Structures are given as C-alpha cells and as structure tokens.
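Keep the structure open while you read.

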Amino acid sequence: MPVKKYLNYSIKLGDKELTVETGRVAKQADGSVVVRYGDTMLLVAAVSATTQREGIDFFPLTVEYRESQFAAGRIPGNYFRREGRPNEKEVLTSRLIDRPCRPLFAEGFRNETQVIASVISADPDNNPDVIAITGASCALYLSDIPFMNPIAGVRVGLIDGRYIINPTYDEVRESRLNLIVAGTEEAIVMVEAGAQEVSEEIMVEALMLAHKEINRLCRWQNELYKALEIQKREVVQPELNEEMLGEIHRNYSERLRTALDTTNQEKRSSYSAVDALKKEVVESYPEDQPALQQMAKTIFDHLKEKIFREDILDKRRRPDGRRFSEIRPITCEVGWLPRVHGSALFTRGETQALVTTTLGTKEDEQYMDDLEKGEVKRRFLLHYNFPHYSVGEVGRFGSSSRREIGHGALARRAIEAVLPDDSVFPYTIRIVSDITESNGSSSMASVCGGILSLMDAGVPLKAPVAGVAMGLVMEGNKYAILSDIAGAEDHYGDMDFKVTGTREGITALQMDIKIAGINAQIMAEALEQAKKGRLYILDVMAKALPEPRTEISSYAPRIIQIKINPDKIRDVIGPGGKIIRSLVEETGAKIDVSDDGTISIATASGEAAEAAVARIRGLTAEAEVGQSYLGTVSRIVDFGAFVEIFPGTDGLLHISEIADRRVKDVRDELKEGQQILVKCIGKEGNKIKLSRKAVLRDEGHKAEAASASDSD
C-alpha cells in the first residue's frame, strides 16, 4: 500500500541541506518522494506489480530518469518544442540509478517494478543526477516494495588538493576528478569517474571519503523508515531441491568443469559444450513434469557458478588457465582502412574492436539541449556499436541500446582528458568503435583502439591511454583479483572494475560490486594490479604506433585559424550573410566565425585556403599609424578627399596633407578613382587621418640620402 503519512526530513550534505519529503505528491505510487538540494528538486516515484511475472529468470526492473526543460525555465529547442526520446544524459543517469539498486531487492523477487525520477526544478549550480540516486533509494525503501537496504549517491571533486563533496557545475569544470559513488551503509556498490590523470592513492582516498558520506545518508534513511513504520512485502526465497542438486553434482560436475575450461578451446566451443550438457541434464527428467525440468535448469546454472568460484578461490585457476594478473594476447593494426582519417583494429583474446577517427570542422559539432546552460556544443564524439554477430548471435538491428550508450560514454571520458585543446587542434573529432568480436572488456578495447586511431589520424594527444577490466571473486576471507576478465568471469564474479589511464594516472573508472563490501586494502590492491595491466597494454600499443603521425590524412580537411578584431566580424559576415556566402562560393572553403574573432577556414585545397585568408585579411585589416598604403580616391570634397585603403575602409586626406605646398583646389591635384600612396598619421576612434605630403617628404629624404651616398 502507498505510504500516506507525511514526512519532511533534512540532512547536511557538503555545504547544503538535502531534504526529502514524502506523503504529499504522487500518493498512489507504492513509494514517492520529492528530494531537494539547493533549488534542484526531483520527484521520484516507484511502483511494483502485486503479482510475480512468470516464466522469467531475471528481475524485471526499469528505471527512467527525465529532465524537463521547464525545470530550468526553458522551452525545448527542437522542432516540436517538447521533450522527446531520452537524451544521452538521461540514459546515463537512468543507468546510474539502476546499477546500484538492482542487486538490493529481495532474492527471488520477480514482480515488474518501475522507478521514475523527474527533474522538476533545476538551479544553475547543482547537478540532479547524483541526487536522483538517493531519491530513488528513498522512494523504494520508504515503501512496501522489498528493497531491503537503502543506498545513497555522492559526487566528489578535487580542486587544489582539496576534496569537495557534491561540487557545483563550475567546480566540476575546475576539478581534476569527477567521481560519482553509490553505496549502502556497509559498502560501495557502484563507481563512475572521469579524471585528469590522478594517482591510484588519490582515487582510493576519494572513494573512502565518499563512502563516509554515504554511510551517514543511509543511516538517515533508516531513521525515516522507522518513523514511517514501513512493512515490507513478503518474498518467498527460492530453494533448490537438495536431492536433485546432489544427483546432478555427482553425475555431471566433472563433465561440466571440462566444458567450462577454455584453455584449449574457443568461447563458442565451450558454450556449445555447456549447452549440450545442460540439454542432457534437463532431458534426464520426465517431460510431463516441467517443474522438475525447470528445477534442473536452475540447479545446472547454480552448479556452473559453484564450479567457477571453486576453481578460482580453491584451485587458484581461471577458466582459460591464465595467471590472475595475466592479460590475454594483444595485436594492434593501424591505418587498416585506406580512405578514413584514422583507423585501428585492436584484438585482445576473443575481443576485437574496429575503431575509426573522423576529423570535421566546427559546423560538425553536436548541439544538445542542456539543463544547466540551455544549448551546448560538443566537439568530441565517441559512438560504440555492439552488433549481435560479435557474439555469434542474431538479433534486431535498431537504435543504440542503453548499454551501448553507457560503454561509449565510458570510453569518451577515458580519452577526453588527453585530447588537445581546440586552440591547438581546431577539429571536431568523432570516434566510432564497432565491436566485431566479444568475450569481455569490449569497452576497454574501444579505448585502446580509439587512442590508436586518433594517433593514426595525426591528433596530437597529450599521452596515450589504455584500459583494462578487472574482476573480483570473494567469499569470506578468501579473494582473487583478476586482470582482463573474460565473459564468464564478468558474469559469475563479484566485481566488474574498469580502469583507464596514461602512464601518469587514471582518466576514467567504472565499478559495479555485487557483494556486501570490500575494504580499502582490496580496493588499493585491485587498482595497483590494474595499473600494471594498463602499463603492459600501453607498451604493446607503442610497438604498433609509438606517437601520433606528424601529418593528418590527405582526405581530412585542412583548417587554418586566424584572429581578427571582434568589431570586424560584421565586415566578414556582411548584411544578411552576403559577404561570407560569396567567400564560400568563390573559394570553396568552409568558414566558421566565432564571437571572439577566431575564424576557422577549412578546405582540402591549400590555394583555396590562402585565397580565403587573403580576402578576410583584406576585409578586416586595420590602419596602423606610421604605415603607408596604396589607396584609391573614392570621393572628393572641398576640404580634401576620402581614400579607400582597404575594401570598405576609407581615410580622410585633408587638403593640407595632399602636397608639400599650398593647394587651392583638391580637384587640381586628385581625381576620383586615382591610386595614390598615402601614410596613416592618426586615428581617432573609427576616423583615419591620411597624408600624401608625409609620403612625398619620406621619398625626398630617401633621395637625398641616396645622392649623398653616391657623392661619397
């Protein structure tokens, strides 16, 4: 039943109050809260079906996080002027909520459950994403849904060596670290991080600080839970048939262990052998007793996991026979595709990524609606694709899945820290990673392949980046940390821990933990083992391509940047864009003009670029006092003449400055259209003072000097 009792509690988090209110809005949901931090507010509602969904072996949870533009006082910038399909930020935040919540529902709970987090007010300082994690926990925990332990989310920044809890947008931009941590009172359960080459020690410190705050928030939620006197639904825990378990273990465990061993066989061969054995086990029970056959499937899957964990923890042996810290064989090929700007084929074990880099101009930047700033532009794009053939399956070919978007975002964060500034390399950059084979860690293959393709494209990176996926198997005091995990190790292990970085430090981190918790010692050990793996992979990559190519591809656009006075931008654009359109038509170049006076000229032809630069220089040139110019008399008046020294730029040649003698009538000396040499002798605002007399005087001095030299 929905919670009816009204409650409003606050707790200090960072330098602000986090407030949760329930019992006022969305009271027909099983659980709902309004959570506020600063002037950022979210409405989070949770609903779960009253009956179990039959015939499934997974928990049917869906999470939707949505940002409405009205929350920031804006109207959407798209054609329809309303919110459409979830954008990347919304998809990634939905995953941030889903990943830590999913493992904490009661074992065996199979009721359709939905969590919806809606941003209803957004201030310019506080990002709602991390607040949504705590809000989702409150909506679920303060309801009768069997979500058994509260979680909380915290962001940590690092500025000038000082850690900041829940930094503002501006502080995040200054920070060397953008770390999001979710956890229970006992342990961290999820981590997302982007960083500017921070050390492993700094990362562990930040994680421990985050968990300290999470612990406070979870204990606070327990107080709310007690105040509301919540009664959770009862869930019948699934039990295995002990007699069948013993029977299947005796008859099939050794054959299953052999099938799972991938030391001398490929993944698909192992999977086929396991599937055939599973079919044999199921068919050993009567067809007219489907409950027994279903129990046989469950026990078989349980036995697979048991064998895997026993081999790791007791026999200290991985399914493919590798040492715990060993990386699978790696091959790297660059420049594989002749017409693209940069390409790499990165293969590690049975995981392979075909990665390409494309260089574009400013007009290729991605425009996005943003809750903080309105419309924003992104110059670096990374798109990750995971076709079904990569795992030997068939499936629907449609739009990108949430998993693909999440993996692409992780790889983008990993690489973004080492990209050159646009003032140094003024290109829009797009990486596409197509996974052509997969047996674990395809996102890390995308990072390694992405770096190689960037270097192949001639992008001057600050340093190469590599990534490795780590795993953990733990029971009691026994544990094993695994480097470069394969598919089965990811599925049956207790932690999926992806770390990317340069030789100097970490650039991105993503972690999901399925167990009650790990201590700082294990965390530090895992990061140190990941560092060794990362350095090994960087060495292998360096053999394929040690540094970026000195020249970009001949098929990529050449971009020249020049700087003009911002006041002259209107002279380049012209009325209604007339002048810049004519420039583009005449030269064939793409021309982008920034508000700060930076002009980017992109073309495949050097001559066209030079012509465009010359035209723009002519349109925007400014007179300098003391410089001489060949100008054209454009208009004659009684007190002098106006001389055009640049296209559209006139200066006044006063009658007293026309000659080195007294001039009665300007028309006796000059004619309209006549070209004359003049000198700039002064500027007052936009007014330019010219002198022909000064030029004649200078010429006279030169002649005298030459005559004196001849006489000597």
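Contact means heavy atoms within 4.5 Å, and that is the sense behind every "touches" below. One more thing before the tour: this is a predicted model.

## The overall outline

Let's start with the whole chain. The protein contains 15 helices and 29 strands. Its radius of gyration comes to 34 Å, well over the 27 Å that the globule rule gives for 712 residues, so the protein is more spread out than a compact globule. The C-alpha trace tells you about its dimensions too: along the principal axes it spans about 125 × 60 × 45 Å.

As for the inside, buried residues account for 52% of the 712 residues. Take the contacts between residues at least 6 apart in sequence, and 68% of them join residues at least 24 apart.

Strand 3 (residues 31-37) and strand 4 (residues 40-52) run antiparallel and are joined by 7 bridges. Gly31 has Ala46 of strand 4 as its bridge partner. The two strands make a hairpin with 2 residues between them, and there Gly38 takes a positive phi near 65°.

Strand 4 also pairs with strand 6 (residues 111-121): the two run antiparallel, with 9 bridges between them.

Next comes an open sheet of 8 strands, in the order 8-7-9-10-21-20-18-19, with antiparallel pairing. Its edges are strand 8 (162-165) and strand 19 (478-483), each of which pairs on one side only. On average, neighbouring strands of this sheet are turned by 15° against each other, direction ignored.

Zooming in on one pair, strand 9 (residues 177-183) and strand 10 (residues 188-198) run antiparallel and share 7 bridges. Leu179 sits opposite Ala193 in strand 10.

## Helices on the sheet

Which strands does helix 9 lie across? Look for strand 18 (466-475) and strand 20 (495-501); the helix runs at about 155° to strand 18. Helix 11 (residues 520-544) packs on the sheet as well, touching strand 10, strand 18, strand 19, strand 20 and strand 21 (506-513). The direction of helix 11 makes about 145° with that of strand 18.

Helix 9 has 15 residues and reaches 20 Å from its first C-alpha to its last, close to the 21 Å expected at 1.5 Å a residue. Helix 9 is also mostly covered, with 15 of its 15 residues buried. Just after helix 9, Gly458 adopts a positive phi of about 85°.

Asn439 is in the loop between strand 17 (428-437) and helix 9 (442-456). Is Asn439 buried or exposed? Buried means under 20% relative accessible area, so at 11% relative accessibility Asn439 counts as buried.

Asn439 and Glu350 are joined side chain to side chain by a polar contact of 3.2 Å. The Asn439 side chain also reaches the backbone nitrogen of Gly487 at 3.0 Å. Leaving aside residues up to four places away in sequence, Asn439 touches Lys267, Arg328, Glu350, Thr351, Ile485, Ala486 and Gly487.

Ser390 belongs to the loop between strand 16 (380-385) and helix 8 (402-416). With a relative accessible area of 6%, Ser390 is buried. What does Ser390 touch, not counting residues up to four places away in sequence? The list is Ile435, Thr436, Glu437 and Ser438.

Thr168 lies in the loop between strand 8 and helix 3 (169-174). Thr168 is buried too, because its relative accessible area is 14%. Not counting residues up to four places away in sequence, Thr168 touches Lys16 and Asp125. Thr168 and Glu201 are 33 residues apart in sequence, and their C-alpha atoms are 24 Å apart in space.

How values were computed
Residues numbered from 1 in each chain as written. Predicted model: local features only at pLDDT ≥ 70, side-chain atom pairs only at ≥ 80, totals over all residues. Heavy atoms only, no water. Helix = DSSP H or I, 4+ residues; strand = E, 2+ residues; numbered from the N terminus. Buried < 20%, exposed > 50% of the residue type's maximum accessible area, 1.4 Å probe, protein only. Polar contact = N/O pair within 3.5 Å; in protein donor to acceptor, adjacent residues only side chain to side chain. Expected span 1.5 Å × (residues − 1). Pairing = 2+ DSSP bridges. Axes fitted to C-alpha atoms, helices over the stretch in contact; angles between N-to-C directions. Rg over C-alpha atoms; globule rule 2.2 N^0.38 Å.
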